[in-house]
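Subject: Structure for your files

Dear colleague,

Here is the structure we spoke about. My notes on it follow below; please read them with the model open.

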Amino acid sequence: QWTPGQIIEDAIGRIRAQVGDEQVILGLSGGVDSSVAAALIHRAIGDQLTCVFVDNGLLRLNEGDQVMQTFADNLGVRVIRVDAEDRFLAALAGVTDPEQKRKIIGGLFVDLFEEQSKLLPAARWLAQGTIYPDVIESAGAKTGKAHNIKSHHNVGGLPDYMQLKLLEPLRELFKDEVRAIGEELGLPRAMVWRHPFPGPGLGVRILGEVKKEYADILRQADAIYIEELYRSGHYDKISQAFAVFLPVKSVGVMGDGRTYEYVVALRAVETRDFMTAGWYPMPYADLARISNRIINEVRGVNRVVYDISSKPPATIEWE
Ligand code: XMP
């Protein structure tokens with residue numbers, strides 16, 4: 001039985017032995033795995049690590065700033081932030097098909113990461129937050145859904161010219177161990193225990209065409225929802241919760257006037273493996289408070305619905 005401290009010590013020794021005095025780049029997403037990998041590698045080799053964080057404009061409220069604060073400000077990790085909202089929104093304009101949206105977002109991620117890595121010609125290693133379940137998954141059937149940098153570059157998927165060696169210090173660890181060492185490395189609890197977030201981000205939680213207006217509405221609604229889940233103690237009992245933007249307008253009343261605004265759907269599921277999932281039996285009082293807050297505080301939304309679909313036949317995400 002290894003303690004988090006021992007796992008870290010062991011990993012640091014191995015990283016140093018592998019890398020020597022060479023430079024490493026890592027695509028930081030803000031998710032648990034890449035975050036823990038970054039913190040661990042930084043602990044081992046300090047400034048030999050450069051992280052590239054692509055802000056695609058499809059992140060949760062304040063997420064980009066939080067990532068920079070945690071890594072650059074607090075841990076002193078060298079992070080290059082690429083503000084690419086405009087490029088992602090331009091590439092997604094007019095596109096409504098979910099798989100096409102995923103392809104565009106995943107492809108642009110890789111392009112931007114490669115652009116950045118060309119600016120770091122000294123890099124010899126590409127670090128990834130691959131964990132043990134990913135290793136098993138890529139050995140077996142592919143879901144065809146994961147379009148983050150991680151999956152694109154998985155095991156041999158690197159463009160030839162980059163000729164980077166892979167550094168995957170979490171490869172033998174399960175999620176719980178990754179979280180435990182993340183906490184031990186000083187990452188914020190909320191980051192380490194955060195629900196999973198898909199690589200394409202809000203791009204698959206805005207149904208149909210992605211627009212900045214929709215993303216801004218969704219970010220606010222989602223932040224209120226998650227804040228209320230923390231406050232009411234539900235967050236840690238739920239496997240994944242998020243808001244979905246429906247580009248559908250419905251009629252409402254406010255004061256003396258009639259409104260005609262968008263719908264937000266709330267999703268919360270319980271699952272062990274994300275292959276099957278049940279909807280979370282949220283108490284009515286909590287739903288009422290969340291709905292009131294979203295409708296009162298988020299401009300452009302006059303109706304909130306709760307998703308009571310299990311997986312299967314529904315999926316967890318709406319796209
Ligand atoms: P579904 O919607 O298939 O989701 O029931 C199962 C889990 O996978 C996540 N998910 C994704 N993660 N890229 C990712 O990195 C994707 O394209 C993607 N699609 C779904 C989803 O959030 C859930 O945890």
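Helices H4 and H5 are roughly antiparallel to each other, because the angle between them is about 150° and anything over 145 counts as such. This is a predicted model, and the values here are computed from it. H4 covers residues 85-92 and H5 covers residues 98-118, and their axes are 10 Å apart. The crossing of H4 past H5 is right-handed. On the H4 side the contact is made by Arg87, Phe88, Ala91 and Leu92, and on the H5 side by Lys101, Ile104, Ile105 and Leu108. By class, these residues comprise 6 nonpolar and 2 charged, with no polar ones. As for the spacing of such positions, an α-helix has 3.6 residues a turn, so residues three or four places apart point the same way.

H5 also holds Leu112. Is Leu112 buried or exposed? It has 20 C-beta neighbours inside 10 Å, and since 20 or more is the requirement, Leu112 counts as buried. Setting aside residues up to four places away in sequence, Leu112 touches Val54, Val82 and Ala84. Of these contacts, Val54 lies 58 residues from Leu112 in sequence, yet the two C-alpha atoms are 7.5 Å apart in space.

The last item is Glu22, which sits in the loop between helix H1 (4-19) and strand S1 (23-28). Glu22 has 14 other C-beta atoms within 10 Å; exposed would need 12 or fewer and buried 20 or more, so Glu22 is partly exposed. Which residues does Glu22 contact, leaving aside its neighbours within four places in sequence? They are Gln48, Arg124 and Trp125. Asp83 is 61 residues from Glu22 in sequence, and their C-alpha atoms are 27 Å apart in space.

Regards

Technical notes. Residues numbered from 1 in each chain as written. Predicted model: local features only at pLDDT ≥ 70, side-chain atom pairs only at ≥ 80, totals over all residues. Axes fitted to C-alpha atoms, helices over the stretch in contact; angles between N-to-C directions. Helix = DSSP H or I, 4+ residues; strand = E, 2+ residues; numbered from the N terminus. Parallel < 35°, antiparallel > 145°, perpendicular 65-115°, else oblique. Left-handed = near helix turned anticlockwise from the far one by under 90°. Contact = placed C-beta atoms within 7 Å. Nonpolar A, V, L, I, M, F, W, Y, C, P; charged D, E, K, R; others polar.
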